[in-house]
Each structure stands twice: as structure tokens, then as C-alpha cells.
Amino acid sequence: MIEKHIVLEDIDLVTFYGVNNAHLQMIKALYPKLRIVARGNIIKVMGDEEEMCAFEENIEKMQQHCSKYNALNEEIILQIVKGEQPQGDNAESGSICYSVTGKPITARSENQKKLVEAYFANDMLFAIGPAGSGKTYVSIALAVRALKNKEIRKIILSRPAVEAGEKLGFLPGDMKDKIDPYLQPLYDALQDMIPAQKLSEYMEQNIIQIAPLAFMRGRTLNDAVVILDEAQNTTTQQIKMFLTRMGQNTKMIITGDMTQIDLPRGVKSGLKEAKEVLSEVKGISFIEMDEKDIVRHRLVTRIVNAYSKYEKEQAAIRKAEKEQNTQQK
């Protein structure tokens with residue numbers, strides 16, 4: 001009789017063991033010659049050496065399936081133990097990663113596909129487009145994929161803390177409590193892709209970091225995917241500071257919407273200037289997204305189009321008034 005310890009990594013234990021340890025009980029029943037005891041992420045196994053080898057191999061397959069798809073069920077366990085290809089392993093080849101419900105997350109428009117392709121071809125890319133075009137969500141999915149594939153050691157998500165017409169300074173709590181409302185969209189995307197317990201672990205261990213842009217100063221970011229969201233609200237100095245944080249084995253994704261600039265009047269958007277300055281730099285890609293890429297409710301597309309039309313009409317009126325005033329003078 002031999003004894004081994006197997007350490008489970010990068011998975012949600014509740015998903016792996018099942019509700020009320022249902023999956024664990026099934027695994028025990030499938031290996032009657034082994035004594036299996038689970039404590040946290042460590043499985044202690046004692047028993048027949050031959051069955052132990054098969055058990056180790058199959059537990060590794062289950063772990064890989066659980067990590068990739070954020071799901072495990074009794075049917076999958078049975079297929080793995082029987083030596084069959086688990087259903088789902090032949091899932092959509094264009095998937096970036098999988099949601100907490102096991103649903104594939106894919107690029108859903110032509111420009112989203114360009115964003116994915118640009119990510120693999122460049123170390124730095126800019127995704128510029130309207131609200132709802134999926135630029136932030138796809139970017140975070142790419143980062144989660146890289147983390148699960150162990151291509152990087154951490155994900156760093158940042159936003160400039162600029163109010164969109166609201167004042168949050170009066171909110172109670174410490175710095176994190178005051179900043180969290182700005183960063184909630186990033187939390188929302190992560191919660192779609194990583195089980196709650198595992199996400200909490202990643203954040204406690206600083207494997208996933210979410211911080212306002214001001215906290216980036218002085219850092220060198222290595223072995224990471226770094227995403228700057230809402231970059232249209234950065235100043236020239238801020239975006240330059242952010243871009244120069246890039247270290248070894250790091251990819252940077254900068255997202256923004258030129259129609260939602262909340263900077264004070266007269267302050268030029270750092271994203272707008274970066275586009276002018278860096279458009280010809282090798283290794284940097286710019287992906288322009290538009291209304292066709294909007295994947296939220298169909299009304300969002302209509303709202304974006306209506307405001308775009310209104311702004312063009314207002315610009316034409318201002319131009320005509322200016323020309324009329326010039327002629328009068």
C-alpha cells in the first residue's frame with residue numbers, strides 16, 4: 001500500500017468537489033481500492049499502486065476540465081474515468097475563455113475578432129469604440145485566458161478616477177471604498193469569468209489587482225496583462241506614465257470611448273493624443289470599433305446613434321453661427 005498527496009490548483013473547490021461533496025463521493029465510489037481523504041485543496045490517497053496511477057491521471061484531467069470550463073459534473077467525471085473524451089472538450093474553437101456557467105466567451109463581431117487577433121500579434125493595443133462594443137469585456141477575457149494558461153503571473157486592471165457628472169468624494173469608508181464605484185465594471189466582468197471564491201483568492205494574493213491609475217506611478221509591470229479602461233479620461237501625462245510602466249513578458253490593452261470624455265473643459269484627452277503620436281509605432285495596434293459592434297440591448301445602439309446624430313447637428317449649427325458672426329464683423 002502506498003500513499004500520495006495531490007494538490008489541486010487554479011480551480012474553485014466547490015465546483016470541483018460538488019455540492020455537499022457529491023463529486024468527491026462519486027470519485028470515491030469509482031475507485032473502491034483506494035482510500036481517499038480531501039482536506040481543502042489537498043487530496044490524500046492510499047491503496048493499490050496500479051489504481052493509484054489511474055486515479056492521479058484522471059484527477060489531473062478533471063482538474064484541467066474544471067479550470068478551463070469553470071464546471072464539472074458527474075457525467076464528465078464518468079467519461080474521464082472511462083477514458084472517453086469529455087463532452088465540452090470539443091466546444092467552440094473560437095472561444096477565448098469560459099464563463100462561470102461554462103458558457104464560451106467569444107468575439108461576437110468583426111472588430112472584436114480583430115481585437116483578439118491584434119492581442120496575439122502585438123504587445124500593446126488600443127481598442128477605441130462606443131459604449132457596449134465589448135472592448136473591455138473581451139480584453140478582460142483575453143487576460144483571464146492568459147492567466148489560466150500560465151502565460152502570465154498576474155492581471156492588472158486600472159481606470160482613471162474621473163467623475164462622470166457625479167461626486168463620490170462624500171462617500172464613507174477608506175480609499176478602497178471610495179474608489180470601488182469607479183472600478184465596478186471591471187469587477188462585473190471578472191465575476192462573469194472566475195468563480196467567486198477563486199476570484200477572492202486571486203485578489204487577496206494580488207494575482208488580480210484592480211487599482212486607480214494614480215497607483216501605477218513608479219511601478220514596473222512584468223509577467224502581466226495590464227488593462228487601462230476608460231482611457232479617454234486620462235491626461236497626456238497620465239497615459240504616458242501608464243504606457244511606460246510596461247515590463248518584460250507584459251501585454252497592455254488600452255480601451256476608451258472618444259464620445260465620453262469627462263475631463264475638464266480645455267484639457268486634451270491623453271487617449272486622443274496617444275492615437276496621434278503612436279499610430280505608426282511598430283508593435284502597437286489600434287482597433288476602431290463602432291455601433292455595429294455593440295452587443296448590449298438593441299436600444300443601446302439606437303441611443304448611441306441618436307446622440308451621434310444630435311452632436312453632428314449641433315456642431316453644424318455652431319459652425320454656421322460662427323461663420324455668420326464672422327461675416328457680420
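Predicted model: local features only at pLDDT ≥ 70, side-chain atom pairs only at ≥ 80, totals over all residues.
Five aromatic pairs were found in a search of the whole structure. One of these joins Tyr-31 and Phe-55, with 5.2 Å between ring centres and 90 degrees between the planes, an edge-to-face arrangement. Tyr-31 belongs to the loop between helix 2 (22–30) and strand 2 (34–39), whereas Phe-55 belongs to helix 3 (residues 49–69); the pair therefore ties together parts that are 24 residues apart in sequence. Tyr-31 and Phe-55 are both buried.

Tyr-119 and Phe-120 form a pair with ring centres 5.1 Å apart. The planes of Tyr-119 and Phe-120 stand at 80 degrees, so this pair is edge-to-face, since planes over 60 degrees apart are assigned to that class. Tyr-119 has a relative accessibility of 3% and counts as buried, while Phe-120, with a relative accessible area of 46%, is partly exposed. The ring of Tyr-119 also has the charged end of Lys-251 over it, 4.9 Å from the ring centre.

At the N-terminal end, helix 3 is capped by Asp-48, a side-chain oxygen of which lies 3.2 Å from the backbone nitrogen of Glu-50. After helix 3 comes Asn-70, with a positive phi near 55 degrees.

Terms used
Residues numbered from 1 in each chain as written. Heavy atoms only, no water. Phe/Tyr/Trp six-rings, centres within 6.5 Å; stacked < 30°, edge-to-face > 60°. Helix = DSSP H or I, 4+ residues; strand = E, 2+ residues; numbered from the N terminus. Buried < 20%, exposed > 50% of the residue type's maximum accessible area, 1.4 Å probe, protein only. Lys NZ or Arg CZ within 6 Å of the ring centre and 35° of its normal. Polar contact = N/O pair within 3.5 Å; in protein donor to acceptor, adjacent residues only side chain to side chain.
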